[in-house]
Structure formats: structure tokens, C-alpha cells
Amino acid sequence: GCTTNGAKMYWNFHGSGQGRGDLMPICKAHVVVKPDDGALIVGRGTEIPLDWKDGKHPSGGAPGAHLMSARTQAVFNKVPTAAEVATLKIGAPKPSQACQICSGDVKVYGKSDGSFDAKTVFEVKGKFYLNAESVVVLTTDGKFSFRNPPIFLRSKDDANAEAQVHAEVSSLIDHLFHHSNTPVFVGKRLIQRFATSNPSGRYIRAVGDAFKSGTYDGIVYSGRYGDLAATIAAVLLHPEARIQKKGQAMTIDGALREPFMKFIHMMRSMEYQDKAHQPVVFDELQNVIGQFPFQSPTVFNFYRADFELPMPMPEPEPESEPEPEPEAGPEPEPEAEPEPEPEPEMEPEPEPEPEGPLLAPEFQIFTPPFFVGYLNGMSSLIQNGVSGQCDSSARIGVDAHSISEGRWERVCPQGMLSYRQQRDVNETLTELDVLLTGGRLSPKSKATVESAVANSPPGRRLQAAQQAIAMTAEFNTLGDPLPKETPRPPPSESPPTDSTEYKAVVMMFLAGGADTFNMIVPQDCNLYSEYRSIRTDLLLEPRELIKFTTAGQTCSNFGVHARFQFLKSLYDKGQAAFIANIGNLAVPIKDKFHYRNVQRCHGLFSHSDQQNGAQTLKCQDMGTAAKGTGGRIADALAQGKKGLRTTSFSLAGTSIWPQGFATQREIVDSRLGSGRFEGYERWRDTVDNITMQRHGNVYAEAYASAFLDAIATTEKVGQALAGVKTATTYPTPSGLDRQLNQIAKLIRTREARKAERDFFFLTTGGWDMHSNMKQNLDRKFNEIDGALRRFVAEMEGQKIWDKVVFVTESEFARTLDSNGGGSDHAWAGNHFIIGGSINGGRIMNKFPAALRAGNDHDLGRGRMIPEFPWESMMVPLADWLGVSADQEAMTFPNLARFNRTQHIIPTNALFKDGGSSGGDGSSGGDGGRKGGGSR
């Protein structure tokens with residue numbers, strides 16, 4: 001850049017201008033290029049890869065500034081092929097003149113003399129391309145150039161700004177629509193919705209080809225790219241969508257059906273009619289069954305597309321022992337040669353082993369509370385239609401009233417299933433089988449439905465058949481169920497033993513990526529100056545913080561967000577500590593240069609991948625095969641020498657943290673913790689018959705198993721919580737309070753349950769603050785502080801606070817750099833841990849030594865690499881709970897990759913009463929306490 005004062009100009013070789021107040025800086029066009037990989041450095045160190053011509057860029061030395069100029073030049077000097085034209089990046093309007101070359105795949109519009117320049121236009125398949133490329137040339141020597149990316153809008157004040165905005169959005173959509181991955185991406189998602197959760201590669205390829213060509217199986221639909229008619233034809237008519245699996249022992253074809261779609265299926269097939277012949281109005285059901293139109297809890301749908309089947313692949317049936325051969329005797333007289341038997345039918349080919357884990361997206365919302373909501377809702381639909389409150393507590397519609405004789409009266413029911421049964425019961429059941437399951441009811445399922453019908457009053461038999469079928473695996477899943485002869489054994493329950501000392505962990509997950517560098521902020525030191533410089537409009541002034549002191553850090557004074565008044569009071573009492581500079585790590589990373597050469601977490605900065613990593617502590621693996629940290633700790637405690645009675649609860653649905661290999665998470669509802677299947681006693685035999693049936697189809701089998709678990713969990717929790725009251729007056733003004741209130745009630749039942757160790761996992765969402773971060777963070781921190789105040793008061797009222805630990809995690813923190821009011825996905829963050837036994841009043845681990853842009857842990861825009869893994873706090877927590885040293889390797893699969901002295905907080909530093917390892921509570925080193933880290 002350069003500066004000017006009147007007519008005199010100064011070239012700025014250092015990029016910052018002369019330090020004179022009377023000189024106003026102006027920029028001369030230049031770029032700063034990294035010599036090692038040619039990346040463009042902009043802003044506060046953000047690196048942008050460039051498309052260098054012939055792959056050549058300036059190299060050697062430090063990043064340097066280069067003068068540059070942009071120019072537009074012709075690309076082809078003769079007629080290119082259609083494929084070559086497709087490489088052009090600049091489009092053109094349809095020329096008004098006639099084409100100069102009109103034959104062949106490429107039409108040419110240009111000069112009358114036939115020459116080619118940057119204004120020549122090519123036409124291919126109705127699209128027009130300018131024979132030009134815009135490049136940026138480094139003017140220092142002219143040897144290096146890169147493609148000049150398009151800019152549609154430089155300022156909202158530009159001429160035709162609105163049209164340019166529409167052009168940019170249209171161009172982006174067009175680019176994404178024609179991306180090479182789009183056909184298979186769309187194809188796989190549609191197959192998962194209509195046919196099977198784990199389609200083969202050839203199935204996906206066939207659907208993708210139909211999307212691209214607009215044809216399928218010789219039939220031309222539109223014949224154009226993106227034809228959904230051809231795409232859906234391929235989805236539904238592909239052999240893998242229709243093939244029968246009869247004769248196979250096991251199949252992975254199929255899927256769990258979405259809950260709302262099952263209601264619509266029942267209504268359409270059973271000819272639902274509204275009494276007033278008005279549009280049917282449902283109540284919002286997303287908090288009842290887990291799904292409702294336009295009410296997805298996140299932009300990622302109701303469930304993740306990569307959610308894994310919540311059970312292992314079923315083992316094959318044991319083969320029966322062969323019958324012993326009879327002892328040899330005298331040879332019989334030869335008999336006449338029998339006629340040749342017909343050749344047996346060919347056995348179906350075994351299915352190929354699936355690549356990677358089995359996917360079952362819809363199972364993410366198959367939780368006991370949601371499934372019980374489905375059962376009650378389906379019962380309400382069959383009995384009362386889509387109505388408001390009628391004769392049961394379940395409702396799936398809204399209240400409606402009519403005026404009769406000058407009085408308002410509630411309309412109940414508002415509609416009904418108008419299907420009428422045949423004269424013969426068997427004919428009716430056969431027709432219901434076709435309409436509701438596609439004729440897939442197994443003989444045992446048919447017998448179960450027949451039994452339910454036989455045990456119902458004459459006027460209710462059709463409804464009994466409908467409800468019984470609505471509970472079967474055949475109605476709730478797609479694919480051949482492949483019923484097995486051997487029933488599922490009943491679950492075994494060991495009688496409760498006398499309990500020993502009780503301890504509990506509450507893990508609160510800040511879903512969305514919390515900006516925790518505004519939770520605690522360095523004060524009264526140079527680090528705060530760096531914080532101010534990089535945070536700009538996101539920074540917190542000292543008046544927005546509550547100051548506290550700590551030892552062993554670069555700064556002695558820090559500030560906690562002003563909304564955390566109660567948390568600060570716990571810190572002052574030594575019952576709270578902050579865990580700094582922590583996040584997902586597969587191995588220690590010394591700095592951003594070391595980062596390039598070591599194993600990293602899978603899917604860095606991705607919500608779903610980093611949530612899996614934080615909850616499994618095996619972030620280098622895709623998926624959740626490692627199970628959850630809380631679940632593995634519970635496994636170790638239950639299988640250890642003391643055989644502690646452990647229970648792992650999830651108030652966040654199917655989240656993986658509380659799930660172990662042996663420990664099964666018990667999913668409870670923060671709103672309806674004791675919600676149960678209202679007709680359970682009436683339908684007990686039907687439920688038992690359906691859940692005892694085993695299947696070779698993994699989805700039917702997983703459904704039956706989850707059905708059994710849903711009933712067992714809701715009945716068990718419902719009985720445990722019946723009549724339970726909190727020890728204090730416990731208001732619940734927020735969803736977070738309702739979750740913690742439910743946890744408090746479950747802790748209250750510890751003696752009745754003979755519990756010795758409890759794990760609770762809950763989430764609070766809304767942390768993905770790409771905009772309005774300061775205002776939203778203020779609101780969320782205020783909500784958490786109030787919820788903590790009420791929860792701790794209840795724990796103290798139960799006289800159990802010294803046996804409960806409350807800790808937070810998030811998938812990642814946010815960029816220190818502002819995006820203009822918000823912050824974006826980053827990595828390292830800061831969290832807190834509280835409890836009556838915590839040795840608090842300090843910051844554990846080493847807070848980053850530098851926050852300035854471009855520091856050795858900054859990947860760009862203040863994306864800080866964490867120096868400490870989640871294990872730094874989870875290992876001592878497990879030790880405090882009673883996990884022995886010889887169990888740590890199985891409980892924490894990445895632990896051996898870290899230096900205990902540098903990366904793990906000692907148990908006797910984090911807890912007042914130490915832990916179990918060796919009896920002295922010395923698990924870990926002193927790096928976490930003194931700050932060591934990986935520098």
C-alpha cells in the first residue's frame with residue numbers, strides 16, 4: 001500500500017504504512033503469498049488456497065507482498081471441443097448476432113474474419129461461454145499468475161446491486177446443482193427415505209445416473225440432468241428395492257420408518273375423514289414423537305444421515321448338530337433306480353459385507369419417550385381421530401368447538417378412520433395386512449393380531465386389529481422381516497444388593513459449539529491486549545466481567561462473564577474450577593506446523609463429527625463404534641472388583657456419551673420423565689409377543705429390541721418417579737431447568753434403586769452463534785447460571801452435593817476473530833467443573849500463552865489448537881468414581897498417546913478427597929495442575 005499527503009506519495013514496503021496521523025492510508029493492489037504452498041494470506045492470517053497457473057508460485061523465504069494486476073485474456077485461438085468449453089469459467093448472454101460457425105457440438109459467435117479473441121462466445125447445449133479467463137499476474141516479474149475469482153458485488157451501493165446478488169446466488173446454486181457429487185448425494189438420501197438405509201454402491205450409482213440422464217431402464221422421462229421423475233423411478237424400481245430375501249438368514253436391506261409418516265400411512269390407507277370436511281389440523285408433535293413438518297430442531301434435519309444402527313450385527317443362528325449315522329449292517333438288496341429328482345432352487349447369494357458401520361438414521365429419534373408418544377398417539381388416532389383432548393390424555397390434534405343451542409361445545413372426535421371391515425374376520429385381516437404392511441405380516445405376527453382381535457369386544461375388533469398391526473415390526477420397518485423360529489429370551493435382572501457409597505456425574509453438552517473464550521477472559525496483562533485486538537466487536541470490557549484470581553497461569557487475574565454470578569460464588573468457595581485450553585485431540589499437537597504432520601481428528605470443525613469425538617474420546621475415528629465416555633466408565637465400574645451398580649441416563653435422546661459396550665443408556669424425557677404407554681396393561685400380551693419375535697432383518701430386529709427397551713425403561717422410570725418430590729421448591733423456567741429437575745428427582749430415588757454410580761447426560765442447544773454472539777451468549781450464560789443455582793440448592797437439600805460432579809463439554813469453541821457480529825467454528829475452548837468435592841478456586845490446565853493473530857497455535861482467524869485433550873479432566877473424574885488404574889487403557893483408548901505429567905490433571909489436584917488409583921488419588925501428573933501443556 002501507500003500513503004499520501006497532498007501530491008507526495010510513500011510506498012509502504014512493510015504493509016502497515018507510516019505512523020503519521022496526517023497521512024491517510026490507501027492500498028496499492030498487492031497480495032501476500034505463503035512461499036511453501038502458495039496460499040493467499042488475508043485479514044488476520046486466514047489462508048486461502050489459490051489456483052496457480054501450471055502449479056507454480058513464489059517460493060522461498062517468509063511470506064511476502066507482491067504487486068499484482070488483473071487482466072482478462074483469450075483462452076482458445078481455434079474451435080475447442082465441448083469438453084474444453086466446459087472448462088471456461090465466464091458465462092455470456094446469448095449473442096444477438098448469428099453464429100459464424102454453426103455446425104458441430106460447439107457453435108462460435110465472434111469476429112467476421114474468423115479470428116478468436118476474449119469477446120468470442122461459444123455455445124454448447126444451449127449454454128453460452130465467453131472465450132476469456134481473468135487472471136491475477138504478479139507484476140514483480142510477470143512469471144506467476146492465478147485465476148481471478150469472480151466478484152458479483154463489491155458494495156451494496158454498486159449499480160444493479162440487487163440483480164448482482166441474485167446472479168451470485170443463482171450461480172452458486174447452479175454450481176452446487178451440477179457438482180459431480182450431487183447426483184449420488186441426492187440419490188443416496190432418496191434411497192434412504194424410500195427403500196433402505198444402507199444401499200449398495202451399484203444402487204446409488206444407478207439412481208445417480210438416472211438423475212444425470214433423465215432416463216431409467218430404457219425409459220426417457222425428460223432426458224435432462226436433474227430429472228426427479230427418472231430419479232424416483234430408479235429408487236423404486238431398482239432390483240434392490242424389490243428383491244425378496246426369503247430363504248436368507250439375515251439381511252441389511254430395509255429401514256426404520258419415520259414416525260409422522262406412519263400416522264399419514266394409517267390415515268390414507270384407512271380412509272380418514274374429517275367430520276366437518278375441513279383440512280386436518282395436527283397439534284405440533286415434534287416433542288411427542290420426535291418429528292413434525294417444518295419443526296426440525298436444527299438445519300441438519302431431525303436425525304443425522306450417518307446415525308449408526310444402535311445394535312451390533314446379529315450373530316448367525318447356531319447350526320443344529322448332524323444326526324449320527326446308523327451303524328453299518330449287511331448291505332441291502334439293490335433297489336430299482338429312482339426317478340431323478342428335480343434340481344433344487346438356487347440359494348440366494350449372500351449379501352456383501354457392508355462397508356463401514358450400518359446406518360439407521362431414523363433410529364436417532366427412536367427413543368423410549370418418543371416411541372411411547374407414538375404408541376399413545378396412534379391409539380388416539382384410531383380411537384378419536386385427529387382431535388384435541390377427548391377421552392384420554394393423548395392428543396394429536398387441536399381443540400375444536402361448535403355452537404349448539406347457543407352454547408360452545410367441544411367437538412370430539414373431529415374425524416375418524418372410515419374403513420369398514422369385511423364380513424369375514426380373516427378377509428379383513430388379510431386386507432389390513434396388504435394395506436398396512438404390503439402383505440409382509442409373518443405367521444407369528446398374524447397370530448398376534450388375531451389374538452388381539454379375539455380378546456376385544458365385538459364393536460372394537462377392527463380398531464384392535466389396526467392398533468396391533470401398528471405395533472408390529474412389519475408396519476414400523478421396511479424390508480423383509482425374516483422372522484426366526486427361536487424367540488428372544490426374556491431380559492435377566494439380578495436382584496439388587498445393598499448399595500455402598502453413592503456418586504454421580506452430570507455431563508452438560510453445549511451443543512452447537514460454545515464461544516467459551518468469552519466465558520473466562522485474561523485481565524490486567526498483555527494477554528488481554530491481544531484478546532482485545534483479535535476479538536474486535538466481540539470483546540468483553542472489564543465492566544462485563546467478574547474478576548477472579550488464579551495461580552500458575554500467564555496472568556494472575558481473569559474475569560468470568562458477568563452473568564455467571566452463582567458460578568463465581570462456587571469458585572470462591574472452592575467448589576468450581578475452570579478447565580482451560582481443552583478439546584478433541586487424537587495425539588498432542590505442539591503447534592500449527594506440527595499440526596500438518598500428525599494424526600488429526602476426523603472431520604475437524606464439523607458439528608456431528610466433533611460431537612462424536614467429544615463424546616467418545618476417539619475423535620480420529622468416524623462414527624461411534626468406540627461407544628461413549630460415560631458408558632465406558634460405567635462399564636469399568638460395573639465390571640471392576642467392586643462390581644458397582646451403575647445406571648447411565650440420557651436426557652438427550654440417543655446421544656452416545658452415556659452408552660457403553662455393556663452399559664445400556666436409559667433414555668428419559670425431561671418433560672414427561674414418567675410418561676408411559678397408557679394402554680400397556682391391556683396390550684401387555686401383544687407387546688410381549690411382538691418383542692419376543694426375533695428377526696433376520698437388522699432393522700426389524702433393532703425395532704423389536706428397542707420396543708422392548710422403551711417399555712422397560714418407561715415403566716421402570718415411571719415407577720421410580722411415581723410420587724417423588726424434590727427436597728426444595730424447584731421452579732423450572734427453562735428447558736435446561738426441566739432437565740436438571742428430572743435429574744434431581746432421579747438422584748432422589750438413589751436409595752430405592754440401590755444405586756451406587758449414576759451418569760446423566762443432557763444437552764442445551766443454541767450455541768452455533770454465527771451472528772449476534774454477544775447478545776445470545778449473554779442470554780445463554782444467564783440461563784445456565786440460574787439453572788445451576790437451583791440444581792445446586794436441590795443437591796444441598798438432598799445432602800448429596802459432595803457426591804455429585806457437574807461438568808461441561810462442547811464439540812468445539814469459536815474463532816477469536818469476528819465475522820461481523822458472530823464467530824465461526826474453531827477448536828480449543830474453556831469449560832467448568834463444579835461439585836462439593838471439587839478442589840476448585842483455580843484454572844486447571846494452561847490457558848493459551850498467546851491470543852494474537854497468527855500465534856503458533858492459531859490455524860487462522862483465531863482457531864486455536866488445544867493443548868489438552870478431554871482426557872485431562874475425564875481421567876481424574878473416572879478415578880474419583882472408582883475406575884482402577886488397570887482399567888484405564890480400555891476406558892480411555894487414546895490415553896497412552898499423551899504424557900500423563902503434561903496432559904492429565906492429577907486426581908488429588910482436581911478433587912479434595914483424591915481418587916482410587918493406588919489408593920492415594922494421584923492419577924495423572926502435574927501438567928494439568930501447573931499448566932505444562934505441549935509447548
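## Basis of the values

The model is predicted, so local features need pLDDT of at least 70 and side-chain atom pairs count only at pLDDT 80 or more, whereas totals for chains, interfaces and linings use all residues. Residues are numbered from 1 along each chain as its sequence is written, and side-chain values use heavy atoms, with hydrogens and water left out.

## Packing of α8 and α11

Helix α8 (residues 368–384) and helix α11 (residues 461–471) have axes that come within 10 Å and cross at roughly 155°; helices here are DSSP runs of H or I with at least four residues, strands are runs of E with at least two, and both are numbered from the N terminus. The axes are lines fitted to C-alpha atoms over the stretch in contact, with angles running from 0 to 180 degrees between N-to-C directions. The two helices are therefore roughly antiparallel to each other, a class for angles over 145 degrees. The crossing of α8 and α11 is right-handed, the near helix being turned clockwise from the far one by less than a right angle.

On the α8 side the contact (heavy atoms within 4.5 Å) is made by Tyr374, Leu375, Met378, Ser379, Ile382 and Gln383, and on the α11 side by Gln463, Gln466, Gln467, Ala470 and Met471. These residues divide into six nonpolar, five polar and no charged, where Ala, Val, Leu, Ile, Met, Phe, Trp, Tyr, Cys and Pro count as nonpolar, Asp, Glu, Lys and Arg as charged, and the others, Gly among them, as polar.

## Salt bridges

With a salt bridge taken as a side-chain nitrogen of Lys or Arg within 4 Å of a carboxyl oxygen of Asp or Glu, the count comes to 33. One of them joins the side chains of Arg488 and Glu701 at 2.7 Å, N to O, and this pair links distant parts of the chain, 213 residues apart, with Arg488 in the loop between β20 (477–478) and β21 (503–510) and Glu701 in helix α18 (residues 698–721). Arg488 is buried at 12% relative accessibility, and Glu701 is buried at 9%; buried means under 20% relative accessible area, exposed over 50% and partly exposed in between, for a 1.4 Å probe and protein chains only.

Within helix α17 (residues 680–692), Glu681 and Arg684 lie three residues apart, about one turn of the helix, and form a salt bridge whose closest N and O atoms are 2.8 Å apart. Glu681 is exposed at 56%, while Arg684 is partly exposed at 33%. Salt bridges that share partners also join Asp283, Arg395, Asp399 and Arg410 into one network.

Definitions and conventions. Angles under 35 degrees count as roughly parallel, over 145 as roughly antiparallel, 65 to 115 as roughly perpendicular and the rest as oblique.
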